[in-house]
Amino acid sequence: MLYLDLDSLLGVRNVCNGDLLDVLATAATVIGGETYDLDDKTVQSGRDRWLTIACAGSAAAKMRLMNYGPHGDFDGEGHPASAAQRQATLKMITADYCGDGDSYTLNHTALRWENSSGTVVSPGPWGLPEAIWGPGGALCLDATRLADADVACALPACDDFSLDDGEWATFLPD
């Protein structure tokens, strides 16, 4: 998807980030009825007259591709994920441990995950547990995706938590 920009070298720019020759930079998915606050990493549901163009690789596109969009079939039985489940998914994808919008990950950081209903499970090998996720961010934290991350909030270890406590469990790959 391109837009006219006479100041650019080719006279057009891609709506999504990246080079015009990058195949993924030209791919996007459309999510109806919902927008996303990129600063707070929050879902803004119930926006019937709105749509989001989620560029490939973005958190919203990943959420949609996991069938967690507002019109998806996340459980395999035709039910869309709730707004709280989508919020937990957005926090998990962006590594917003503290729930304040700060992200503790980078593009292309490897991660494994499993949702509470067992319908979205990454292939192994699974390594160290990272966190259990709810709509407000990480409920607990055992390891960070980025080895040198200095997380700004205190979170308990995951010893006393299970996937039943949240929507997602994440693991650092071996």
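Let's start with C153, which counts as partly exposed because its relative accessibility is 26%. On this scale, buried is under 20% relative accessible area, exposed is over 50%, and partly exposed is in between, with a 1.4 Å probe and only protein chains considered. The model here is predicted, so to speak of local features takes a pLDDT of at least 70 and side-chain atom pairs count only at pLDDT 80 or more, while totals for chains, interfaces and linings use all residues. Residues are numbered from 1 along each chain as its sequence is written, and side-chain values use heavy atoms, with hydrogens and water left out.

C153 has a partner: its sulfur atom sits 2.1 Å from that of C98, and the two form a disulfide (a pair of cysteine sulfur atoms within 2.5 Å). The S-S torsion of C98 and C153 is about -95°, so this disulfide is left-handed. The bond joins distant parts of the chain, 55 residues apart: C98 belongs to the loop between α2 (83-94) and β7 (112-115), and C153 to the loop between β9 (137-141) and β10 (168-173). Helices (H or I, at least four residues) and strands (E, at least two) are DSSP runs, numbered from the N terminus.

The count of disulfides comes to two. The other pair is C140 and C158, again with sulfur atoms 2.1 Å apart. Here the torsion about the S-S bond is about 100°, so the disulfide is right-handed. This pair also links distant parts of the chain, with C140 in strand β9 and C158 in the loop between β9 and β10, 18 residues apart. C140 and C158 are buried.

## Salt bridges

Searching the whole structure turns up three salt bridges (a side-chain nitrogen of Lys or Arg within 4 Å of a carboxyl oxygen of Asp or Glu). In one of them, R86 meets E34 at 2.5 Å, N to O. R86 is in helix α2 and E34 in strand β4, so this contact ties together parts that are 52 residues apart in sequence. R86 and E34 are both buried.

K91 and D96 make another bridge, also listed at 2.5 Å, N to O, and K91 is buried, as is D96. Then there is E130 with R145, where the closest N and O atoms are 2.9 Å apart. That pair joins distant parts of the chain too: E130 is in strand β8 (residues 126-134) and R145 in the loop between β9 and β10, 15 residues apart. E130 is buried, and R145 is buried as well.

## Surface patches

On the surface, D39, D40, D100 and D102 come together as a patch of negative charge. Patches use residues with over 30% relative accessible area and no salt bridge, joining like charges within 9 Å and nonpolar side chains (Val, Leu, Ile, Met, Phe, Trp, Tyr) within 5 Å. For charge, Lys and Arg are positive and Asp and Glu negative, with His and the chain ends not counted; each charge is placed at NZ of Lys, CZ of Arg, CG of Asp or CD of Glu. D39 sits in the loop between β4 (34-37) and β5 (42-45), and its 63% relative accessibility makes it exposed.

There is a nonpolar patch as well: M1, Y3, V15, V30, L51 and I53 make up about 540 Å² of surface. The areas are Shrake-Rupley values with a 1.4 Å probe, and for residues only the protein chains shown count as cover. M1 comes in the segment before β1 (2-4) and is partly exposed, at 44% relative accessible area.

## Positive phi angles

Most residues other than glycine have a negative phi. K41 is not a glycine, yet its phi is positive, about 55°. K41 lies in the loop between β4 and β5 and is buried, at 15% relative accessibility.

H108 is another residue other than glycine with a positive phi, near 70°. You'll find H108 in the loop between α2 and β7, and it is exposed, with a relative accessible area of 83%.

## A distance across the model

Last, T29: it is part of strand β3 (residues 28-32) and is buried, with a relative accessible area of 17%. How many Å separate the C-alpha atoms of T29 and Y97? The separation is 26 Å, for residues 68 apart along the chain.
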